Number of protein chains: 6
Amino acid sequence: MRPNERAFNQPRPIKITRHYTKHAEGSVLVEFGETKVICTATVEDTVPRFLKGLGQGWVTAEYGMLPRSTHSRMQREAAKGKQGGRTMEIQRLIARSLRAMVDLQALGERSITLDCDVIQADGGTRTASISGACVALIDAINGLVANGSLKTNPIKGLVAAISVGIVNGEAVCDLEYVEDSAAETDMNVVMLEDGRMIEVQGTAEGEPFSHEELLTLLDLAKQGCEQIFAAQRQALAE
Amino acid sequence: MRPNERAFNQPRPIKITRHYTKHAEGSVLVEFGETKVICTATVEDTVPRFLKGLGQGWVTAEYGMLPRSTHSRMQREAAKGKQGGRTMEIQRLIARSLRAMVDLQALGERSITLDCDVIQADGGTRTASISGACVALIDAINGLVANGSLKTNPIKGLVAAISVGIVNGEAVCDLEYVEDSAAETDMNVVMLEDGRMIEVQGTAEGEPFSHEELLTLLDLAKQGCEQIFAAQRQALAE
Amino acid sequence: MRPNERAFNQPRPIKITRHYTKHAEGSVLVEFGETKVICTATVEDTVPRFLKGLGQGWVTAEYGMLPRSTHSRMQREAAKGKQGGRTMEIQRLIARSLRAMVDLQALGERSITLDCDVIQADGGTRTASISGACVALIDAINGLVANGSLKTNPIKGLVAAISVGIVNGEAVCDLEYVEDSAAETDMNVVMLEDGRMIEVQGTAEGEPFSHEELLTLLDLAKQGCEQIFAAQRQALAE
Amino acid sequence: MRPNERAFNQPRPIKITRHYTKHAEGSVLVEFGETKVICTATVEDTVPRFLKGLGQGWVTAEYGMLPRSTHSRMQREAAKGKQGGRTMEIQRLIARSLRAMVDLQALGERSITLDCDVIQADGGTRTASISGACVALIDAINGLVANGSLKTNPIKGLVAAISVGIVNGEAVCDLEYVEDSAAETDMNVVMLEDGRMIEVQGTAEGEPFSHEELLTLLDLAKQGCEQIFAAQRQALAE
Amino acid sequence: MRPNERAFNQPRPIKITRHYTKHAEGSVLVEFGETKVICTATVEDTVPRFLKGLGQGWVTAEYGMLPRSTHSRMQREAAKGKQGGRTMEIQRLIARSLRAMVDLQALGERSITLDCDVIQADGGTRTASISGACVALIDAINGLVANGSLKTNPIKGLVAAISVGIVNGEAVCDLEYVEDSAAETDMNVVMLEDGRMIEVQGTAEGEPFSHEELLTLLDLAKQGCEQIFAAQRQALAE
Amino acid sequence: MRPNERAFNQPRPIKITRHYTKHAEGSVLVEFGETKVICTATVEDTVPRFLKGLGQGWVTAEYGMLPRSTHSRMQREAAKGKQGGRTMEIQRLIARSLRAMVDLQALGERSITLDCDVIQADGGTRTASISGACVALIDAINGLVANGSLKTNPIKGLVAAISVGIVNGEAVCDLEYVEDSAAETDMNVVMLEDGRMIEVQGTAEGEPFSHEELLTLLDLAKQGCEQIFAAQRQALAE
């Protein structure tokens, strides 16, 4: 039996609160059960050096965890003086995922930075970050359209991300912390609304996984993403 | 006229939400108007090396701002690879202030770390941090008493902090961002309930301040702290 | 037509030279076409702190590129003062992959570090690294068995890694640099000899990929890994 | 009884030696008893980026201690790879204090950096630094006037700084190390010649301080600063 | 008796393999016995800031060791986050030595970076680096002449480097690791073909050395360099 | 003609002031003309890890320059966050030189750190540092003998260091800054009283140097060191 009596294909309750803080062009609190992440989108009128003069835009991301977002306190990365490998891996994943939903040519020479800061962690912080940042990014871009900075909207569609895995021999969707710690295989899938994939990252933590297990997990991920898309659409409609 | 039509001696609305996140031994969201800080208290059964074997405890603090807690995005200190001078100054101030309310001998050989992370900044982040961390610290210590780790409660009383300053020639209490930017003098005061002071840090940003102005500011600070103590007591009573 | 007239499912020539340098317990030069990586395995009689006293071993990895292993010179990470996100991501992947082929309990309280240093890069450096490090690791462990340090051999089997991707709309195996730069989707697969997977990391660089495309890529990866296993077995037999 | 039989309101002997080293535009050795600091002023024809094109100047400061300026050797900050919080706090204080004595508009687009390096520490290094840097700054600016770079002298007056505190229940002026270590309250005051204040930083190290104690300390600080002003005027007259 | 029955004035077998890797403008594997270093030369059309607009070129160098080039594994400098003092000392020596063989005016406003990466260490890595980098530099510059970027060849001649030392009371040439560890005096000499010297760095590790011993060592160094020049000429002739 | 009408073999006036600061076990201000360095010796009852339990001592050194010890201000290394290559090279040289004058076995398990901090630079800072640190080290060790910590004095003799070089075709001794900048060859020699050498570091900055020039320079160095030994002996006799 899963914690909170969830079915194997049932994500945790998803809650997306827009306009969570006031300074950012897009600001969202996303909750996947007890996992809570603040996602902000910042628009700046510059692009990284490698894009200067090319007439296209850029989308990037940074990720952090409050020191006590976790069960025991983690050392603050600013105090350690560097970001760890896990942080870098996650923020690169978030950035690639979000870039896939934007027509960078149509964005023009401007950058949007997504900051995803975990205030409470209970598994799935990277998938919650991507799913929440998607909404913050749309709010920021809609703002550019509304104030006339953009003539056409460069958003190509929604992006959702979910973790799936094999726990105690059973394939389940949207692992929370106690499941994640015990998972034999853990896989994160980032999807577009049409079911095509942007990222698939599967890792055998314990036992290697077979081709069949991979197919089962992909199917679960597709079901989970449908529910995230629904939550995103509902939040954007409010 | 002050923003929001506040009187010169009127702090912004103060709101203290306990148990804001679930992992920390103490966790508070403190709001001074639009300034919002998450303060968590973490208890650990070790002390810094310089205290090992002395039988006493320690209280320390770290401070951070989410990159987009501010009007324009600040670079993430973890990405820069070091904490700036302002961050260090503030976290040292928070730590000294909070240590003043605890009998470190009675705490025994354990440390409590206060993490103050600003999620939205509108002036007074350090004073809100101290005032909120006070409540998180009490919750953490009450937990130690409740579970029998501590026989006697080492809390000596509440600590509150407020900023006061001279803006357009007038002394005012609890400056918000637009006032802070225009202040000639800016002073942070940390107080105990009996009116005695733990810290006074006054800085002439523009015009130097006279002895009389200093006295006026201290009086305003005292009035402001009374209201913070009231908010702390009310939160702790809930 | 692919460069060098390769068929879509044909990896580049794979060459594994054992005992490439003299100090390391295992030392391999692995070549996937023009990609050349030195993989060494170092045995040490300690384990990381989190494993102390648990009676089990550890396998870890570090990755680097010589500054002029690439078309234009990259800045040396030691001179920059930190390892980039790509480096961290790759060395974490190598370590996870290699750990999957060792019974860490049977290894006892010792660590093996795999250093993978690219001396010439032409695409697929991480997959070449994993495939070469596998052989270096076996040599190091066989040495421990030969000198009596280990009673039973903790090796569970071979591990191979290959990149597959969609280039100009066609699925191909073992991308070299010019293909990698043009790929719409790029996927790295790490496999055991029985066909089960340790890692699947697929990224849509351009166009998202469909479920069918994913299946095609996995099939190509399986074929590619068979050839790597053959090369590993042949090298180990010499 | 105080060390060296000083009266409660008596600073240590103050000695200011101008032209102490030969390269800097201003160079002073300042001694407050056994505390000795080299203060140099460097003029450069640039301003920090945030002031570019605004037609005004800037005054900044850096602070350091020789490793064996203290009783036991401190680790060299250059070797540690970062400046500690105390160093940052002090150099920010020095910079703010010195800026208060200069009309930055009249200085024009140039920067003056005050380097304060402690060669022997015995309490009060920050107040000695400010008091000595004041003289080095005047020498540097007088040089600019003398060589015609400046038409009008942007110096607004002298700045002096002193520490005061409560030691064994008694308020005393200009604490040396043994007093500083035992102080219940420690306060640094930075003053202009007209008695107005630029900085007041009071910290209860042990017992909190009352309003009356604060007033007593401010009065002592005023007396102490008078003597520093006298020493500065005398040095400048030589 | 020396290891491998070498005579006191006999360097180890010297082997220089050109075009060792394919991307660099010059790429050499140099072997002094069991010491093996990859030396690449990279040409870039920029100069350091202090040379901008002066119409002259620059030659610089970087040095590194693969972690397991040595008997026991060294920590990777990129992972430590800084280059050690020995690395800096060596790369400064390599750069000075190579600059001496180039007419920097005739090179024009371009830089050449020599990367010397030790893949196997057995004493004398810095002298092998200089001797190999000399050939890589010539290949890079000859390329500039061949493609018309340079009208006249700025190479002034060959540069060779050798270590000499006093081991067990006897002066010997080209110390390998076991000799180096036991040497009383260790000296590195960098020479031009006409016998004039660019660098002499002699260090008494154990017993100080006399004027006569210094003369003996210089004579040995001259003999050793002759053999390196011969190997360089032969490699360049192929 | 040399600056200050010095003869080619005449060092600048050498001045050694003992007990310059009060906390260190040895503290010297050394002046070679306008070059001024504070050298302190700190005794600590520990040894580096690689010497633990071997019953011998250690001597090490650190070197720094005050930012405005030079003609134009250098960036503070503590602010840059790392020590440059030149600093590292110099402090390694100082340490090796000073170790040569101490019987490390007789010193017992304790360390002495020599801090050499340049307060005014005019060429020859490293040779002044070594020559001054020699006296500080003797004072520190004599202190250990005097207080009974050491039964026998581990000092083997004095160490002196001088720079020599070829300037405008002429060999000269103890180069000051304007000479050093123009030198074709620059050589630092560290000597014992019996004329044997600990270090010889000769660098051709411009023209390579011949065997005969090297001999001339060594002879000049010997003459210069005699004068330094005289100054050291005189200072120690006071």
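## A salt bridge between chains E and C

The side chains of E:Arg76 and C:Glu62 form a salt bridge, with 2.8 Å from N to O. The model in which this pair occurs is predicted. Across the interface of chain E and chain C, 13 salt bridges are found. Between these two chains there are also 22 residue pairs in polar contact, counted where both residues have pLDDT 80 or more.

## Make-up of the chain E side

Several elements of chain E each supply at least two residues to the side that touches chain C: β3 (35-44), β4 (58-65), α1 (77-80) and β5 (111-120). Of the contributions to this side, that of β5(E) is the most, at six residues. By residue class, the side of chain E that touches chain C comprises twelve nonpolar, twelve polar and 13 charged residues.

## Extent of the interface

In this interface, 37 residues of chain E are in contact with 37 residues of chain C. The area buried between chain E and chain C is about 2900 Å², and carbon and sulfur atoms give 49% of that area.

## Helix α2 of chain D

Helix α2 of chain D spans residues 85-99, a run of 15 residues. From its first C-alpha to its last, α2(D) reaches 21 Å, close to the 21 Å expected at 1.5 Å a residue.

This helix is mostly covered, with twelve of its 15 residues buried. Among the buried residues of α2(D) are D:Met88, D:Ile90, D:Leu93, D:Ile94 and D:Leu98.

How values were computed
Residues numbered from 1 in each chain as written. Chains lettered and ligands numbered in written order. Predicted model: local features only at pLDDT ≥ 70, side-chain atom pairs only at ≥ 80, totals over all residues. Heavy atoms only, no water. Contact = heavy atoms within 4.5 Å. Buried area = accessible area lost by both parts, 1.4 Å probe. Salt bridge = Lys/Arg side-chain N within 4 Å of Asp/Glu carboxyl O. Polar contact = N/O pair within 3.5 Å; in protein donor to acceptor, adjacent residues only side chain to side chain. Helix = DSSP H or I, 4+ residues; strand = E, 2+ residues; numbered from the N terminus. Nonpolar A, V, L, I, M, F, W, Y, C, P; charged D, E, K, R; others polar. Expected span 1.5 Å × (residues − 1). Buried < 20%, exposed > 50% of the residue type's maximum accessible area, 1.4 Å probe, protein only.
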